[in-house]
Amino acid sequence: MNARLALLSTVAPGVAESEVFRLALHHAVGELGALGGMVHLRGPMSALRLVSAAGLPSGLTRPWEIIDEEGPLAPARALHEGNGVWVPLSSTEATEATKATKAAEAAETAKTDGMADSPAAGWPGTGLAALPLHSGDRSTGALTVLMGDGGEPSPGHWEFLRAVTAWTEDRMVQAPPPAEPWLPAQPEQNGERLRQALKELSVGSWDWNIRTGELIWDEASLELYGIRPEHFTGKVDSWMRIVHPDDLAAALAATDRAIRSGGVYETEYRVRRPDGTWGWTQARGRVTYDDNGEPQRMIGVGWDSNEPRSARDALGRALRHMSDGFLAMDDDWRITFANLEAERTLGFSEAELIGRLLWDLPAAEQVPGLEIRCRQAAAAEKSVSFDVRLPNGRLCHLRLVPGPDGRTIYFTDVTEKRRLEEERRCAERAAAERATRIAALTTALAKATTSKDVVHAVARGVLPPFEATGLVVQAVEGDRLHTVGSVGYPDDVLALLDGRERTRSSPLWDAILSGAPLFISSPQEFAARYPELACLPARAGKQAWALLPLTASGHTFGICAVTFDHPRRLTDEERTLLTATSALVAQALERARLFDAEHTRSRELQRSLLPRDLPDLPACTAAARYLPAGQGMDVGGDWYDIIPLSGGQVALVVGDVMGHGLPEAATMGRLRTAVHTLADLELPPDEIMSHLNDIVGAMGEESYVTCLYALYDSTTRVCTISRAGHPPPALLHPDGTVVFPSLSADPPLGAAAPPFETTEIPVPEGSVLALYTDGLVESSKREMDEGMAALADVLRASHADGTAADLEHLCERVTSALLPADHQAADDAAFLLARLHALPTSHIASWPLPDDPRAAGLARALIRDQLAAWGLQALTATTELLASELVGNVIRHARGPLRLRLLHGADLICEVFDGSLTMPRIRRATETDEGGRGLQLVSALSQRWGTRYTPTGKCIWTEQALHPPEQGHDGAAADPLERMFLGMAGPGDDFDGDLDALTFWDQEL
């Protein structure tokens, strides 16, 4: 018993009802030792329909095909009582019921089949044991067994029969409706189409009285269902007899649903033809109700659907064997169809899949979010496609198609397809990335101006995509290689590579001489090719090399070595790409080398035009910087200068020729020379600016120059400033305040109209004057006012932390703050920092002199006393002679007022002021001239001498070294007077013509 129940439990859910009934009867008969068994299901008009039989001949079961649900037979009693019943065949009740039933069935058979009455043979066996079948809380039929000689079943047998009926009820619920197609129903036809169809097809109509069971068929229906008019009983059992047993349950269920719900009755089932074959028919109808809402009649039509069904079956067979997986489901997501590919993929047979919920499949449970996505697509009534990963690791593409009566799912194994697609996408991405990198490298090389720029561009654009770690670019210079740039190499290895001669074998020279790329994949291959250099890979930390000769205009001038820190065998595609890249690098490097050479010459010209060293003067100490623009090879026209002048004065100049290039640099050199010349003439700042304006104006309308000229007098501590279109200077006071003097805004040189304005500002001792060009404080991202404010902040901060004491350090601080290293300046910048010093009043002596011949003697007396006070007695005689000559010239050739001034600085300066604008000129006197030798005397006795204009006249000055060299008569004379007589006096020369000299010698004698 247990073995049979265990065997039944192995039957998977979803098998057809006919198979369920067959298995149940087979095991019930076998376990009880019965003669046979039957299964009846309820039908319309309180009838029970025989749907399955086992072990009983058809002649014996024919009277039992339709029995009264309320009758005395065992299936009806079990159904009515709701429990198992035993009906012995020897009982009078059973015998009478059996005889009556046999008589009725025999009469009916005679009517329908035209056969003679069969003998009323008695049933074999001892009795009938029947148990009801239920669906939920409703009885639906009965299972009956015909016992043999054993009599009534034992309690164990009853228990087994109840277990079998329970199994049957469970499998009936899970069995799919065999007659209902899995394909979506066709849309309802409209009236016109229906009329056309009725003309072309044989469509029968029927009318069934639900209350009486009377069934009316027209001729088309009789022909459709294969019954002759004379054999038609007019009862519903005539229809039930011709319906296929597997389809009857579903057809009866559709009838019951239509009656209960009042909806449309629609079903499809097979009917037995007169020739014994089965054909598909389809029925459709509606229920009518009386005034009390009780069902009264069902009226409908039927038609032959064998051909459409055959087409659907053919489609089903095609779907069954299609290469893609296919599942069909009802509205409750229960599987109604599965093809072979679905069975293989999901690991279940069709019988095991039919009737199961899609979500109960292990494959569906292990796909995250599958149920949510499918339900969302069904709710939206839209098709959806997506990839899912199955538990076996395979990738499937799933497509869900919602329909009015269910859903279908197509799924295809796309593992290999997706792999190929991913490989193709990876290849396309790699190609796109390579193209992008080549384009980026081409752009970078096009922008590269110097050789270092080219090396950096190659390092950024070539090393990363090839996973390289080193780069060396070398150029041929004579018979040696010179390193242009490198990345990832230590200095000692570069020193070994740099300067390598052509005669010595090396992979670099081999690639250059052959003009073809050389690829070395491992240190072993390197050592085999170049045994004398076998130590180089270990020292350099490289294990693979791509040596690319650089050729431009048919000439190989260098090598580009791309190296790896691991053995690497480049593919053919990679080698081709590197070779193509080397051509771009060669063109860019050739152009960059020309730029470098031109740039070097331009920078040398620039440096030659600017001061090489700033003078160290008592009046000021200075530091300066020139910062070229970040882009382009053109030199600029910015300049600065410090010019020492007489009388403790110094000129500070800064200027900017607008534009870049050699013409601008040449203009700057001309103007700087002109400024020197004009400054040596001791002209005032405004006159110097006027002369410069004339020079620039003569150069052309397109020449514009900004300039600032500052004249500082250390004796008065006054700075006189004149500017033309230039930013004002910044003045850092000793207390840390920074001011920008308010100066008149004259136009640039070349566009200005003289006279130029001058401004005098007092300068405290130790103040720092900052002169600069606009490139320091102005850029495309910063206005000039902002830059000047930033300069002031740096000067104040430097004073606060004490770094302003060192002007060189202050220059670096200004540079890093206003022009950081990562800032690409668009304009040159020049700036000059000068700490201004005043000459102490104790080192200044000034006296008025009378405007008569006594002035020379008075001047000598004043000089003797002052030089003695300063400890400069060694200079007394020379200074007296110089002063006597200068004073004598004023008295003889000029006019007063007359004044004498001595300045004790780094040198001794003697100045004579008068009220005349006539400038003395040195000339050579002839033998007969009485005068003309005085200025020769002045030039011989002093280091320098000159004349400058003053607001009231002019000043003639001389300058002497504080400590003259001491030598004998065989060398340069130590005493100026002795040098004068030995070097100047010749035959016929005398000094009697000079009033001051005669006066001097007379007094001395």
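Two strands pair if DSSP finds at least two bridges between them. Helices (H or I, at least four residues) and strands (E, at least two) are themselves DSSP runs, numbered from the N terminus. With those terms, take E23 and strand E24 (residues 649-660): nine bridges join them, and they run antiparallel. Across this pairing, Asp638 stands opposite Asp656 in E24.

First, the ground rules. This is a predicted model, in which local features need pLDDT of at least 70 and side-chain atom pairs count only at pLDDT 80 or more, while totals for chains, interfaces and linings use all residues. Residues are numbered from 1 along each chain as its sequence is written, and side-chain values use heavy atoms, with hydrogens and water left out.

Now the whole chain. It holds 33 helices and 36 strands. Of its 1005 residues, 48% are buried; buried means under 20% relative accessible area, exposed means over 50%, and partly exposed lies in between (1.4 Å probe, protein chains only). A contact means heavy atoms within 4.5 Å. Among contacts between residues at least 6 apart in sequence, 61% join residues at least 24 apart.

The average pLDDT, the predictor's confidence in each residue from 0 to 100, is 81, and 85% of the residues score at least 70. Residues 178-200 stay under 50, and the model gives them 28 contacts beyond four places in sequence. Residues 967-974 are also below 50; this stretch has 10 contacts beyond near neighbours in sequence.

Start the tour with a helix pair. Two packed helices are described by the angle between their axes and the distance between the axes. Axes here are lines fitted to C-alpha atoms, for helices over the stretch in contact, and angles run from 0 to 180 degrees between N-to-C directions. Helix H2 (residues 17-32) and helix H6 (residues 155-174) have axes that come within 10 Å and cross at roughly 170°. That makes H2 roughly antiparallel to H6; angles under 35 degrees count as roughly parallel, over 145 as roughly antiparallel, 65 to 115 as roughly perpendicular and the rest as oblique. Residues making the contact include Phe21, Ala24 and His27 of H2, and Phe160, Val164 and Trp167 of H6.

Move on to a sheet. Five strands form an open, antiparallel sheet in the order E13-E12-E16-E15-E14. Strand E13 (335-338) and strand E14 (384-389) are the edges, each pairing on one side only. Neighbouring strands are turned by 20° against each other on average, direction ignored. E14 pairs with strand E15 (residues 395-403) over six bridges, in the antiparallel sense. There, Val388 stands opposite Cys396 in E15. Helix H15 (residues 370-380) packs on this sheet, touching E14, E15 and strand E16 (406-413), and its direction makes about 30° with that of E15. Strand E12 (residues 325-329) contains Ala328. At 1% relative accessibility, Ala328 counts as buried.

Next come the charges. Side chains of opposite charge can pair when their charged atoms come close. A salt bridge is a side-chain nitrogen of Lys or Arg within 4 Å of a carboxyl oxygen of Asp or Glu. The whole structure has 34 of them. One network of salt bridges links Asp387, Arg418, Glu421, Glu422, Arg425 and Arg429. Within it, Arg418 and Glu421 meet at 3.2 Å, N to O. They are three residues apart in helix H16 (residues 415-447), so about one helical turn separates them. Glu421 also bridges to Arg425, with the closest N and O atoms 3.9 Å apart. Those two are four residues apart in H16, again separated by about one helical turn. Glu421 is buried, with a relative accessible area of 17%, whereas Arg425, at 33%, is partly exposed. Elsewhere, Arg854 forms a salt bridge with Asp852, the closest N and O atoms being 2.7 Å apart. At 60% relative accessibility, Arg854 counts as exposed.

Finally, return to the sheet that holds E23. Five strands form this open sheet in the order E23-E24-E25-E26-E29, with antiparallel pairing. Strand E23 (636-644) and strand E29 (759-762) stand at the edges with a single partner strand each, so one side of each has no neighbour in the sheet. Neighbouring strands are turned by 15° against each other on average, direction ignored. Helix H24 (residues 662-680) packs on the sheet and touches E23, E24 and strand E25 (705-713). The direction of H24 makes about 15° with that of E23. Helix H25 (residues 685-699) lies across E25 and strand E26 (718-724), running at about 160° to E25.
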